[in-house]
Amino acid sequence: MTIQDLARLVLLGALWGSSYLFIRVGAPAFGPFAFMGGRVTIAAIILFFVMRMMKLRFGLRPYFGRMLVIGLLNGALPFTLIAAAELRLNASLVAVLGATVPLFVALVSAIALRERVSAVRAAGLALGLVGVAILTGWSASTLDWSAMLSVGAVMFASLSYAMSGIYANQRLHGVPPVAIAFGQQIGAVCWLALPAVIKWPASPPGTPALAALAALAILSTAVAFILYYRLISTIGPTMTSTVTYIVPAFGMLGGAVFLREPITTGMLVGFGIIAVSILLVNQSPAVSHVLRIFRPGLQTN
């Protein structure tokens, strides 16, 4: 990974980490469908003009079916699930739960790409479940059925993100990042337009909600997805998914500073366990080195 790619990864983490704050502010006023419908519509318009400024011509028709798929998996479905979850859960907690994306990338890769699941990777996946259990069971939120359903929604969103990264790497390889980002938003608009209109709020949302929508659409969507697809094309979906190491830090910081949400011991311990599990699942060179020290004969690939 180059210095430029690392800088893009950190910036992407900051933009996506901030998105949980924006969603927590705007979703209650708009509702999940309307808020996310507005998000992808504004982002699509911005990306269209970005492409015009770059003089980038992209024929969407040959890729339309694939853009519908990526628009669902990496847009409409996870966006709406996370917005619905944040009606019940704190933004900081949802941000940390989102760190499970690399675990799902490894799981989907093992199933769809028939990658070998070593004992170390299996242990990492199991440890990730333990981290999620600690994170949710030792949080400041009351774990009633509504909270558990919200946690499940975030987990399903992480699975959807994981599937989208692998799909984009296989089916959209070679397409310019800004074109994929634009096509994804168009695909997401197709899925969310009708639900957004049906669920549009009867009373106009206030200034904070409108500002949150603008920031979410411009920064955490239009700009962020250009960076995201650029990283997938240069460092691959697995390495790109490690942005979820960075996202929770910005998510917790935004929730604590702007929403006065508590950063609990359970969140820190749970995220620490999830981080270790991601290292194991993604076969970190550092982990491989440690394993060779203690068990020279152990195969970790």
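For the volume, grid points are joined across faces, edges and corners, and the space filled by probe spheres set on the points is taken.

I reminded myself that this is a predicted model, in which local features need pLDDT of at least 70 and side-chain atom pairs count only at pLDDT 80 or more, while totals for chains, interfaces and linings use all residues. Residues are numbered from 1 along each chain as its sequence is written, and side-chain values use heavy atoms, with hydrogens and water left out.

**Entry: the pocket lining**

I listed the lining residues, which have an atom within 4 Å of a point, and found Thr100, Leu103, Phe104, Leu107, Leu125, Gly128, Leu129, Val132 and Met155. Helix H5 (101-112) and helix H6 (119-137) each supply at least two residues of this lining, and H6 gives the most, with four. Helices (H or I, at least four residues) and strands (E, at least two) are DSSP runs, numbered from the N terminus. By class the lining has seven nonpolar, two polar and no charged residues; here Ala, Val, Leu, Ile, Met, Phe, Trp, Tyr, Cys and Pro count as nonpolar, Asp, Glu, Lys and Arg as charged, and the others, Gly among them, as polar.

**Entry: the cavities**

I then counted three cavities of 30 Å³ or more, and about 340 Å³ of space lies in the largest cavity. Of the 28 residues that line the largest cavity, Trp16, Val101, Tyr161, Val243 and Thr244 are the closest to its centre. H7 gives the most to this lining, with six residues, and the lining divides into 19 nonpolar, eight polar and one charged.

**Entry: the whole protein**

I noted 13 helices and zero strands. Of the 301 residues, 52% count as buried, where buried means under 20% relative accessible area, exposed over 50%, and partly exposed in between (1.4 Å probe, protein chains only).

Leaving aside neighbours within four places in sequence, I found Ile23 in contact (heavy atoms within 4.5 Å) with residues including Phe35, Met36, Ile82 and Leu216.

Not counting residues up to four places away in sequence, Thr80 touches Pro32, Phe33, Met36, Gly75 and Leu192.

Arg260 is found in the loop between helix H11 (247-258) and helix H12 (265-281), and I marked Arg260 as exposed, with a relative accessible area of 77%. Arg260 has a positive phi of about 60 degrees although it is not a glycine. Most residues other than glycine have a negative phi.

Note on methods:
1 Å grid on protein atoms, 1.4 Å probe; cavity = no way out; pocket = protein on both sides within 12 Å on 5 of 7 lines; lining within 4 Å.
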